[in-house]
Amino acid sequence: MGIKVEQVSKRFGDFQALQPVSLEVKSGSLVALLGPSGSGKSTLLRLIAGLEQPDTGRIYLSARDATHQPVQERNVGFVFQHYALFKHLTVRRNIAFAMELQKWPKERIKHRVETLLDLIQLGSLGDRYPSQLSGGQRQRVALARALAIEPQVLLLDEPFGALDAKVRKDLRDWLRRLHDDVHVTTVFVTHDQEEAMEIADEIVVMSHGRVEQVGSPAEHLRKSRYALCHELHWSR
C-alpha cells in the first residue's frame with residue numbers, strides 16, 4: 001500500500017505543529033521521518049494513522065482518500081515508543097488481542113500468533129507476561145501485535161528510543177531483516193541520523209513542521225557532507 005500526503009497541516013492551539021506538507025511513500029518501502037523534537041514528524045505519523053485529523057489537505061492510502069476514515073478502517077499497525085502492552089495479558093494474548101476484537105476464528109488466531117512468535121524469535125516466551133521480558137523483547141512483542149492483523153502499513157513512533165544503545169543497534173538490524181521478510185509499507189520516526197541511515201530505503205528530513213529534504217541514505221549523506229563543507233568554508 002502506497003501513502004500519499006497532499007498539503008496536510010495541523011495546529012494545536014497557537015502552535016503550528018505541521019506546515020502544509022506533501023509526501024509520497026512507495027508501496028513496500030521503509031521510510032524514516034528524521035528530525036529533532038518539535039519538527040512535526042510524530043504529528044505527521046499520527047495523521048497518517050488517523051489518530052489526529054488534519055486541518056487542511058488530503059491523505060491517500062493505496063490511492064483511496066482516507067483523510068476522514070476511522071483508524072480501525074485504515075488497516076494500519078502502530079507501534080509507540082513505550083510498548084503499550086497489556087500488563088495483565090501474556091505475550092500470546094497481547095499478540096492475539098486485535099484479532100480477538102475483530103472476531104477472527106480461534107484456529108486462525110492461534111496459527112497467526114505462533115507464526116509471529118517465530119518471526120520475532122520469542123517462540124519459547126509466549127506464556128510470559130510483559131514484566132518478565134527485557135525492553136528489547138517487549139518492543140518485539142509490540143511489533144508482533146501491530147503486525148497481527150496483517151496491516152498494509154506499519155507506523156513506528158521512535159520505537160527504540162527508550163532502549164540502551166546496544167539493544168537499539170540489535171533491534172535496528174532485526175527490524176531491517178523483518179521488513180525484508182514481510183514487505184509491509186513502513187514509516188518510522190527517529191531523531192537519530194545513524195538509525196535512519198542504517199534502516200531506511202528513503203529518509204525524509206523534517207524541521208519546524210516542514211519537509212526539508214527527501215532522498216536515499218546515500219543522497220542524504222552526500223548532502224550532509226556538502227552542507228558541512230560549506231559551513232566550514234564560510235566559518236574560516
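Trainee: Before we start, which pLDDT do local features need here?

Mentor: Residues are numbered from 1 along each chain as its sequence is written, and side-chain values use heavy atoms, with hydrogens and water left out. In this predicted model, totals for chains, interfaces and linings use all residues, side-chain atom pairs count only at pLDDT 80 or more, and local features need pLDDT of at least 70.

Trainee: Are α4 and α5 roughly parallel or roughly antiparallel?

Mentor: Helices here are DSSP runs of H or I with at least four residues, strands are E runs with at least two, and both are numbered from the N terminus. Helix α4 (residues 135–147) packs on helix α5 (residues 165–182) at an angle of about 25°, with the axes 11 Å apart. Axes are lines fitted to C-alpha atoms, for helices over the stretch in contact, and angles run from 0 to 180 degrees between N-to-C directions. Angles under 35 degrees count as roughly parallel, over 145 as roughly antiparallel, 65 to 115 as roughly perpendicular and the rest as oblique, so α4 and α5 are roughly parallel.

Trainee: Which residues of α5 make the contact with α4?

Mentor: Contact means heavy atoms within 4.5 Å. On the α4 side, the contact is made by Gly-136, Gln-139, Arg-140, Leu-143 and Leu-147. Their partners on α5 are Val-167, Leu-171, Trp-174 and Leu-178.

Trainee: How far apart are the axes of α2 and α4?

Mentor: Val-91, Asn-94 and Ile-95 of α2 meet Val-141, Ala-144 and Arg-145 of α4. The angle between these two helices is about 30°, and α2 and α4 are therefore roughly parallel to each other. Their axes are 7 Å apart.

Trainee: Is Ala-32 buried or exposed?

Mentor: Ala-32 lies in strand β3. Leaving aside neighbours within four places in sequence, Ala-32 is in contact with Phe-188, Ala-196, Ala-200, Glu-202, Ile-203 and Val-204. Because its relative accessibility is 0%, Ala-32 counts as buried.

Trainee: How many residues of helix α1 are buried?

Mentor: Helix α1 (residues 41–49) is mostly covered. Its buried residues are Lys-41, Thr-43, Leu-44, Leu-45, Leu-47, Ile-48 and Ala-49.

Trainee: What is the phi of Ala-63?

Mentor: Most residues other than glycine have a negative phi. Ala-63 sits in the loop between β4 (56–61) and β5 (64–65), and at 75% relative accessibility Ala-63 counts as exposed. Although Ala-63 is not a glycine, its phi is positive, at about 65°.

Trainee: Where is Gln-121 found?

Mentor: Gln-121 is a residue other than glycine with a positive phi, near 60°. Its place is the loop between α3 and α4.

Terms used. Buried means under 20% relative accessible area, exposed over 50%, partly exposed in between (1.4 Å probe, protein chains only).
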